[in-house]
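Biologist: I would like to learn how to read a model of this kind feature by feature, with the general idea given before the particular case.

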Amino acid sequence: MLGQSPKAITILIENEENAMLGIIGAMDVEVDAIKEKVALPIKTTFAKIEFICGKIENTEVCIAQCSPGKVNAALCAQIMIDKFGVGEIINTGIGCSLGSTVKIRDVVIAKDVCQYDIDTTACGDEPGFISGLGVVKIKADAFISEALEKAAKRCGARVHTGTVASGDTFIASSALKEKTASLFGAVCGEMEGGAIGQVCYANGVPFAVLRTVSDGGNEAAEIDYPTFKKIAADTSAAIITEYLKA
């Protein structure tokens, strides 16, 4: 297989019987702390995305930084499924608050995901309707999500569950925030989880989305995001590590 070392191919063969966990984050700040915990990492590149495989807490993992945006996220998820045979995927990182009770540094775990910028309403569809799948919202895996919630609480986080809305726009206006929250009942906004959920749904792969809130999704995001993104990303990374311990 193009771009793979013999060791990477061996991982794929072994993985047919023991499916590994895929972990995807959009930015280096979201995945670097997790990558550092991988024992004997093997690096492989597909479609200009670096995949790092190895073990964390005796769990086989495949970790990748997909870069922001839905297409990047979907590309990464499909490669993980096709090339590495991952048995489940967790999308981790940071997001914005879309609800009045969700504060900066709180943790949100998706019950389901949607894509707020899909709009075929002119054809008679609901906002966010995903053609081909015939749904607006895609449910996250309840077992993984519950385990992440428990891990987050063990880490001392204030946890919310609900709809996570994705789109290819960084939400930084009250108007877009209120529209997204109103149309989809979403409590958190970001740019990747909905696309990863769509790919996993289409492939029959369980998934979960974990976000720590870095900003309020409003005009103050320009200040809050750079201030809190590292703190928020580190919180998510710590929860993933706690999840793997269990």
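Biologist: Is the crossing of H2 and H7 left-handed or right-handed?

Modeller: A crossing is called left-handed if the near helix is turned anticlockwise from the far one by less than a right angle, and right-handed if clockwise; the crossing of H2 and H7 is right-handed. Before going further, note that this is a predicted model, in which local features need pLDDT of at least 70 and side-chain atom pairs count only at pLDDT 80 or more, whereas totals for chains, interfaces and linings use all residues. Residues are numbered from 1 along each chain as its sequence is written, and side-chain values use heavy atoms, with hydrogens and water left out.

Biologist: At roughly what angle do the axes of H2 and H7 cross, and which residues make the contact?

Modeller: Axes are lines fitted to C-alpha atoms, for helices over the stretch in contact, with angles that run from 0 to 180 degrees between N-to-C directions, and the helices themselves are DSSP runs (H or I, at least four residues; strands are E, at least two), numbered from the N terminus. The axes of H2 (residues 28–35) and H7 (residues 221–245) cross at roughly 40 degrees and come within 8 Å. Contact means heavy atoms within 4.5 Å, and here Val29, Glu30, Ala33 and Ile34 of H2 meet Lys230, Ala233, Ala237 and Ile240 of H7.

Biologist: Which residues of H2 are buried, and what do they pack against?

Modeller: Buried means under 20% relative accessible area, exposed over 50%, and partly exposed in between (1.4 Å probe, protein chains only). In H2 the buried residues are Val29, Glu30, Val31, Ile34 and Lys35, and they pack against strands S1 (21–25), S3, S4 (59–65) and S5 (88–97) as well as against H7.

Biologist: How should I read aromatic pairs, and how many are there?

Modeller: A pair of aromatic rings is described by the distance of the centres and the angle of the planes. Rings of Phe, Tyr and Trp (its six-membered ring) pair if their centres lie within 6.5 Å, and planes under 30 degrees apart count as stacked, over 60 as edge-to-face and the rest as tilted. The count comes to 4 aromatic pairs. One of them joins Phe46 and Phe84 edge-to-face, at 5.9 Å centre to centre with 80 degrees between the planes; Phe46 belongs to strand S2 (residues 39–46) and Phe84 to helix H3 (residues 70–84), 38 residues apart. Phe46 is buried at 9% relative accessible area, and Phe84 is buried at 1%.

Biologist: How is the pair of Phe51 and Phe84 arranged?

Modeller: Phe51 and Phe84 form a tilted pair, 5.2 Å centre to centre and 35 degrees between the planes. Phe51 lies in strand S3 (residues 49–56) and Phe84 in H3, so this pair ties together parts that are 33 residues apart in sequence.

Biologist: What is the phi of Leu40, and what is that of Ser67?

Modeller: Most residues other than glycine have a negative phi. Leu40 has a positive phi near 50 degrees; it is found in strand S2 and is exposed, at 76% relative accessibility. Ser67 also has a positive phi, near 80 degrees, but this residue is found in the loop between S4 and H3 and is partly exposed, with a relative accessible area of 30%.
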